Amino acid sequence: MSKISLIIQREYLIRVRKKSFLIMTIIGPILFAAIMILPAWLATRESTENKVMVLDRSGLFANKFQSSKSILFENVKGDEASQKQQVLEGEEHNLLLVIGEVSGQNLPDIRLFGQSNPPLEVISVVEKQINGELKKIRLKSSGIDPALVESINPDVEVRTSVLSEEGEKDGGSLAATIVGYGAGFLIYMFIFLYGSQIMMSVMEEKTSRVVEILVSSVKPFELMLGKIVGVALVGLTQFLLWVVLSFAVSTAAGKLFLDKSKIQTETQASVGKPDIETKAESKGMAMISELKNVDILKLSLCFVVYFLGGYLMYSALFAAVGSAVESQQEAQQFMMPVTIPIILSIVLAQFVIKDPHGSLAFWLSVFPLTSPVIMMVRVPFEPPVWQIILSMLMLVAGFLGTTWLAGKVFRVGILMYGKKVTWTEIAKWLKNG
Amino acid sequence: MTPSIETRNLTKQYGQHRALDNLSFSIPKGSVYGLLGPNGAGKTSLIRIINQITGPDSGEVFFEGQPLGPSHIARIGYLPEERGLYKKSKVGEQLLYFARLKGLSQEEALARTKDWFIRLDIKEWWNKNVEELSKGMAQKVQFIASVIHNPEFIILDEPFSGFDPVNSNIIRDEILRLHSEGATILFSTHRMDTVEELCSHILLLDKSKMVLEGPVKQVRDEFKTHLFVAVTKAPIDFEKFPWEPNAECMNLEGQDGYKSSFRIPETRQSNELVFDLIQAADLVSFAEELPSFHDIFVQVVGKNNLAL
């Protein structure tokens with residue numbers, strides 16, 4: 001036992017002391033924060049200003065255009081040719097909007113001139129504003145008060161609730177999807193990153209023949225277990241550091257960004273905000289409130305179980321692969337069958353999310369090689385408790401089974417040199433071991 | 001005295017291949033035991049069983065009279081032929097780790113490691129990564145790793161390969177020192193000069209079987225050719241000499257004089273030849289030509305191969 005702890009200690013320390021660990025630990029949260037903040041920052045960033053000169057022949061739209069941060073409307077008079085000349089000689093962002101006459105139900109002829117193709121954003125804003133104005137004019141001519149139409153325009157939103165013995169509570173399918181997929185993806189990434197580290201480290205010991213000294217002191221199985229646990233602790237350490245640092249960085253960056261956006265909203269409010277933006281904002285608010293409805297304790301508990309279980313199971317398999325081969329190229333061949341179930345589970349996760357209680361979801365979340373990712377995706381959708389328990393029991397059984405098999409391969413493989421290993425060979429080890 | 005290691009009917013099978021076939025021998029305590037044999041004879045298989053890396057399919061191994069078990073691991077030291085150290089780890093740390101894996105406490109491991117660094121005069125290597133060391137330097141570190149826990153039984157697989165003559169001597173002296181302090185040593189080697197110089201006993205394996213075993217002197221006696229070489233100041237007149245010399249070695253002129261060799265029949269004594277030689281010419285030297293282990297090895301293994 002004390003020998004295993006020695007191995008764990010060494011495997012842990014050599015990794016944690018590496019520069020790459022430090023770099024990853026620092027870069028991870030920054031990257032994470034960047035992913036969270038960047039889109040928001042991009043949205044608030046000053047974008048290039050388009051100046052649109054409006055030449056309105058109909059006389060209906062002048063002064064009706066609302067300028068925004070990125071588009072400035074300016075009424076001009078005079079003949080088209082001289083205005084065009086001005087566009088041609090002026091700055092690149094200058095555009096000329098020419099609106100033709102309006103007669104009866106006919107739509108006006110509208111053209112936008114520029115030195116190059118005008119941005120789509122400008123086109124859609126112009127279209128929207130003209131449509132809105134025309135709608136008002138038509139409503140008026142039909143004798144309807146536009147304000148009345150505005151007041152009877154419905155804007156519904158479906159809220160979900162989950163019924164259970166303890167009563168009902170607010171649901172959150174969107175939040176569940178995001179949280180589930182996020183958790184599943186984290187497990188997937190962790191298994192890959194650290195599982196392959198185990199494989200590399202076993203291969204290193206085998207090809208450098210250090211293993212000859214090691215196995216004369218410890219049992220191969222102890223060596224394998226020590227490695228797996230040691231690397232798992234490294235992963236957990238990194239993960240914890242990431243959580244703490246990400247939280248710190250996001251809070252700091254968030255504060256900085258939120259202050260800015262407050263000013264932004266204020267300025268925008270004075271200019272007059274298009275209603276789409278308010279809607280998007282309310283959706284975002286809804287999601288944040290939905291997030292609060294996810295059962296954090298249950299989720300965290302499941303995450304730890306599937307995170308560790310999945311990792312331990314796969315890393316035993318990775319260790320077995322590492323012990324059987326002598327080069328990277330050889331490793332590729334044997335890694336395939338090990339990686340297929342894990343890749344498959346992340347690919348199938350999207351179907352599981354669409355139908356989180358279907359039979360595909362059930363079977364994949366019970367099968368140990370896919371359950372870590374799939375069950376994590378399902379947990380926010382609150383699958384029956386017996387399914388979670390069954391899945392966890394299967395995971396433990398799967399872990400014991402794969403470790404036992406991997407141990408057999410490891411014991412023989414680690415001391416096998418100069419021989420290209422085949423599947424039949426490995427089958428023989430399993431039989432004779 | 002209880003032998004250090006004793007095996008009874010040891011057999012190991014790898015699939016179709018029988019690696020060890022019914023081996024029974026004992027390694028006396030305090031001996032330097034040479035394990036010889038061509039490649040693939042089963043030396044590594046035997047060493048791995050003694051190290052408990054693998055187990056025998058049938059037969060038994062005893063360590064100091066007890067059935068070999070996990071408690072003996074800390075009392076055995078092993079220098080593998082395929083040398084290996086963690087390339088990216090520091091020398092000192094690595095040795096501490098290996099020592100602790102053998103069951104030493106942290107303090108003891110540290111004291112022993114420091115002791116070895118002083119003894120081999122490599123103090124400045126402590127914080128070096130192994131990849132910065134030359135091959136010979138790494139070999140020294142590896143040697144320390146295998147004996148750091150002061151084992152009673154030391155297995156050395158080709159201990160001198162990769163060493164220059166100076167370092168080779170340093171390591172040989174260390175081996176002899178450990179031996180004089182009571183350790184039993186099992187040498188696995190192809191180098192017959194090492195066997196002649198160091199070993200007290202040998203075991204020759206060929207094709208998974210034991211073909212020769214016993215004290216070096218006894219083995220040599222078994223292969224005696226009864227050939228004697230005499231060097232005389234003046235050539236011997238063989239027309240008149242009562243002994244028949246070997247055709248290839250008749251008054252060969254050398255630095256010291258003229259060399260001739262004779263095979264003495266079992267019915268006669270070497271002294272009789274000496275008596276006749278003294279009368280024929282001034283005798284400079286007279287010695288029995290003992291078979292070298294190289295010759296014995298080639299003879300036994302060669303015969304074994306021809307027979308199959």
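I started with chain B of this predicted model: the axes of α2(B) (residues 91–101) and α3(B) (residues 106–119) come within 9 Å and cross at roughly 130°. That angle makes α2(B) oblique to α3(B); I checked the cut-off, and roughly antiparallel would need over 145 degrees. For handedness, I noted that α2(B) passes α3(B) in a right-handed crossing.

Next I looked up who makes the contact. From α2(B) I listed Gly92(B), Leu95(B), Leu96(B), Ala99(B) and Arg100(B). The partners on α3(B) are Gln106(B), Ala109(B), Leu110(B), Arg112(B) and Thr113(B).

Then I moved to chain A and its helix α4, residues 120–141. I got 31 Å from the first C-alpha to the last over its 22 residues, close to the 32 Å expected at 1.5 Å a residue.

Which residues of α4(A) are buried? I found Val125(A), Val126(A) and Ile130(A). They cover an arc of only 120° around the axis, so they sit on the same side of α4(A). I also looked up what the buried residues of α4(A) pack against: the strands β2 (71–75), β3 (94–99) and β4 (110–113) of chain A.

I turned to the other side of α4(A), where the exposed residues are Leu120(A), Ser124(A), Glu127(A), Lys128(A), Asn131(A), Lys135(A) and Arg138(A). Among them I marked Glu127(A), Lys128(A), Lys135(A) and Arg138(A) for another look.

Last, I checked what comes after the helix. Gly143(A) follows α4(A), and its phi is positive, near 85°.

Definitions and conventions
Residues are numbered from 1 along each chain as its sequence is written. Chains are lettered from A and ligands numbered from 1 in the order in which they are written. This is a predicted model: local features need pLDDT of at least 70, side-chain atom pairs count only at pLDDT 80 or more; totals for chains, interfaces and linings use all residues. Helices (H or I, at least four residues) and strands (E, at least two) are DSSP runs, numbered from the N terminus. The expected span of a helix is 1.5 Å times one less than its number of residues. A residue is buried if 20 or more other C-beta atoms lie within 10 Å of its own, exposed if 12 or fewer, and partly exposed in between; C-beta atoms are placed from the backbone. The arc is that of the directions from the helix axis to the C-beta atoms. Two residues are in contact if their C-beta atoms, placed from the backbone, lie within 7 Å. Axes are lines fitted to C-alpha atoms, for helices over the stretch in contact, and angles run from 0 to 180 degrees between N-to-C directions. Angles under 35 degrees count as roughly parallel, over 145 as roughly antiparallel, 65 to 115 as roughly perpendicular and the rest as oblique. A crossing is left-handed if the near helix is turned anticlockwise from the far one by less than a right angle, and right-handed if clockwise.
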